[in-house]
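Here is a friendly walk through one structure, from single residues out to the whole chain. Please keep the sequence and the 3D view open as you read.

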Amino acid sequence: MAEHVLLPDGTRVPAIGQGTWYMGENPSQRAAEVRALQQGLDAGMTLIDTAEMYADGGAEQVVGEAIAGRRNQVFLVSKVYPHHAGGEKAVTACENSLKRLGTEQIDLYLLHWRGGFGLDETIEAMETLQRSGKIARWGVSNLDTADMEELWQLPGGDQCQTNQVLYHAASRGIEYDLLPWCRAHALPVMAYCPLAQAGNLRHRLLDDSTVARLATEHGVSSAEIALAWVTRSGGVIAIPKAVQPQHVAQNARALTLTLSPDDLAALDQAFPPPSRKLPLDIV
């Protein structure tokens, strides 16, 4: 597997970063969450993803504490609510995120999902934020193929740097059309919940017998197998969330794990690829 992924503007980011969903919700966990993010940075997972939605800004505050004094080592991603993704609301939302993060610029700012503002209004807001230096680049999240085609038809829409969607071995719907579309447009996908940590899942991925067998054969954890699978073909950035030190270490080790063709065939048998268009999984 490739240890890094190139964004369309040529920026190189690690293929495995760090998610922060559910961080910032419990004050008693804050110190552990900060330490986990710092441990991940030390291990090379220098992309951190967060959102104004997570714990009503609490996750951004955790991130801000974790990156204090080492902001230049971090590729910082945050997301704007759909109802803030246009006009002055976008400027205010971004400024509030910047304050919580303790930084002057967000490296990649994403539309969290489609809402009341038109995509043209969101593009305009993102371009305004870029011109003011508050964000360096922008992207989207939870947009399906038709949404991406619509985005690409709009002036400036092709400046989008990523589409962040749910993706793991037990949820492969994007492989039918969205992932090929993104590959054809040289647009990396950012995979949230790559360990199937959340949502109404049909499978318990990390408890699956095939995943467990491969983990034993490689001498790694099931999480490492799952992450190596998500990032197996390049062009996909996984953003697992971890707080326990051993889980952070496992996630980082997956950066250097390569699955064999036989491994991948076994996982295809356990989790077959889609044979038809499926609704985009969103949690």
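Predicted model: local features only at pLDDT ≥ 70, side-chain atom pairs only at ≥ 80, totals over all residues.

G102 counts as exposed, with a relative accessibility of 65%; here buried means under 20% relative accessible area, exposed over 50%, and partly exposed in between, using a 1.4 Å probe and protein chains only. You will find G102 in the loop between α3 and β5 (108–111). Helices (H or I, at least four residues) and strands (E, at least two) are DSSP runs, numbered from the N terminus.

Residues are numbered from 1 along each chain as its sequence is written, and side-chain values use heavy atoms, with hydrogens and water left out.

Now turn to S78, in strand β4. With 0% relative accessibility, S78 counts as buried. Which residues is S78 in contact with, leaving aside its neighbours within four places in sequence? They are T50, A51, E52, E60, S97, I106, L108, Y109 and L110, where contact means heavy atoms within 4.5 Å. S78 and L98 are 20 residues apart along the chain, and their C-alpha atoms are separated by 9.5 Å.

The buried ones are G58, A59, E60, V62, V63, G64, A66 and I67. Their cover includes α1 (30–42), β3 (47–49), β4 (75–80) and α3 (87–101). After α2 comes G69, which has a positive phi near 85 degrees.

Most residues other than glycine have a negative phi. A55, in the loop between β3 and α2, has a positive phi near 55 degrees. A55 is partly exposed, at 24% relative accessible area. A186 also has a positive phi, near 55 degrees, and sits in the loop between α6 (178–184) and β8 (189–192). A186 is exposed, its relative accessible area being 53%.

What about the interior? The largest nonpolar core has 92 residues, and Y109 and M148 touch the most other members. Such a core is a set of buried Ala, Val, Leu, Ile, Met, Phe, Trp, Tyr and Cys residues joined through side-chain atoms within 4.5 Å. Helix α8 (residues 222–230) gives this core its largest share, seven residues. Beyond its neighbours within four places in sequence, M148 is in contact with V140, L143, C160, N163, L178, W181 and L187.

Finally, step back to the whole chain, which has 10 helices and nine strands. Its radius of gyration is 18 Å, close to the 19 Å that the globule rule gives for 283 residues, so the chain is as compact as a globular protein of that length. That radius is taken over C-alpha atoms, and the rule is 2.2 Å times the number of residues to the power 0.38. The C-alpha trace spans about 55 × 45 × 35 Å along its principal axes. Of the 283 residues, 54% count as buried. Among contacts with a separation of 6 or more, 77% come from residues 24 or more positions apart.
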